[in-house]
Amino acid sequence: MTYQETVNWMFLQLPMYQKQGQSAFKKDLTNTLALGKHLKNPQHKFKSIHVAGTNGKGSSSHMLASILQEAGYKVGLYTSPHLKDFRERIKINSKEISKQFVIGFIKRNKDFLDKQKLSFFEMTVGMAFDYFAKQKVDIAIIEVGLGGRLDSTNIITPEVSLITNIGIDHVQFLGDTLQLIALEKAGVIKPNIPVVISETQTETKPVFEAVAEKNNSPIVFADQINNKTFSTDLKGSYQTKNTQGVLETIKFIKQKGFKISHQNIKNGLLNTVKNTGLKGRWQILNENPKVICDTAHNKEGLTLAMQQLLATNFKKLHIVFGVVNDKDLVSILPLLTKNATYYFCKPDVPRGLDQNILKAKFIANGFQGSAFSSVNEAYQIALKTASEEDVIYIGGSTFVVAEVV
């Protein structure tokens, strides 16, 4: 198979949660453990940092990778989802996994993958771990896909775990309260392994403390520490809390023998995008009119994105907006400004919500806007409509952003 044929097989032959939703979710680590054994347990052959959370885990993972790269280490980075190319998920020092490795991994293991009926995410995790072990990385930053306790990445024993913000998301899998969701995320806390919590939340703090105590794991709430302020090239005021969590995580990594200087930290945070290729986090695509895209898609993420957006100077605001069909619109509609013209669109995935249904829901709640048959059409019309003093915001779903960047 060619690279594209291989990736198509992974996407179509086996469930992919982002595209297909609940049918692709497996609440079980049996398959991942079996794959690990089949691959001779590559997850035990490199050091790692495990990053969980509802919002901020992607940004935090990239910051950590950037800092460690600045310190001269060979750094693996496993994140999800990807925006354009599958290979964005698996990188070493910002270089994406080779097409040949992807092809070879599937070819070598296809009989096992077929027999075990592994999901898209399970096989991707196995591929990443196999790649990092074979490439002999000094350390890998591993971002949780969904939840924590039963996420496929949770077969590693990291040097330190980092848990970012906890919000209401994926309630059909993780629970419908912050406490229940925090308990699932806390599943990444391992015996005697330190854990950093980026943001202290009244509802989740006792949960994390209880799990850490049970595991004899040192626990730090990063926003309670008076750290020196560092700037980052990741835009958005919400990155402040992510940065605090990253700084505390780096302290633990230094205790494990990694040599990381003050300058490494400073440069790593200032060059996160350059060092890792991160896209879609308050990314400026154009000036005059200013075009901003952001992958925030749940209540907490959209709240922060809207706060940042409304603090931006503009004459008029245009919002290109699309969601997936299992999105709880009732919870996010109150977060969005009505002082904008909306361009409703359907992301080009099976889970995308029809633009006319989306428009009807918004119009019924006092918003104004028009529906368009594609993300690109909505964006192009917004560009033609906006003046140089206006701002265009693109968001609602990772898939909407992916079609524009």
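Predicted model: local features only at pLDDT ≥ 70, side-chain atom pairs only at ≥ 80, totals over all residues.
Helix 4, residues 57-70, packs against helix 11, residues 262-270, at an angle of about 130°, and their axes are 8 Å apart. That angle makes helix 4 oblique to helix 11. As for handedness, helix 4 and helix 11 cross in the right-handed sense.

Which residues make the contact? From helix 4 they are Met63, Ser66, Ile67 and Glu70, and from helix 11 they are Asn264, Ile265, Asn267, Gly268 and Leu269. By class, the residues of this contact between helix 4 and helix 11 come out as 4 nonpolar, 4 polar and 1 charged.

Next, the salt bridges. The structure has 11 of them.

Are the two partners buried or exposed? Asp130 has 4% relative accessibility and the cut-off for buried is under 20%, so Asp130 counts as buried. Arg108 has a relative accessible area of 49%, which makes it partly exposed.

Moving on, Lys241 and Glu199 meet through their side chains in a salt bridge of 3.3 Å, N to O. Here Lys241 belongs to helix 10, residues 239-255, while Glu199 is in the loop between strand 7 (195-197) and helix 9 (205-214), so the pair links parts that are 42 residues apart in sequence. Lys241 is partly exposed at 38% relative accessibility. Glu199, with a relative accessible area of 15%, is buried.

Helix 10 also contains both members of the next pair. Lys251 and Glu248 are joined by a side-chain salt bridge at 2.8 Å, N to O. Both residues lie in helix 10, and they are 3 residues apart, about one turn of the helix. What is the accessibility of each partner? Lys251 is at 37%, hence partly exposed, and Glu248 is at 5%, hence buried.

To recap, helix 4 and helix 11 are packed obliquely with a right-handed crossing.

Notes
Residues numbered from 1 in each chain as written. Heavy atoms only, no water. Axes fitted to C-alpha atoms, helices over the stretch in contact; angles between N-to-C directions. Helix = DSSP H or I, 4+ residues; strand = E, 2+ residues; numbered from the N terminus. Parallel < 35°, antiparallel > 145°, perpendicular 65-115°, else oblique. Left-handed = near helix turned anticlockwise from the far one by under 90°. Contact = heavy atoms within 4.5 Å. Nonpolar A, V, L, I, M, F, W, Y, C, P; charged D, E, K, R; others polar. Salt bridge = Lys/Arg side-chain N within 4 Å of Asp/Glu carboxyl O. Buried < 20%, exposed > 50% of the residue type's maximum accessible area, 1.4 Å probe, protein only.
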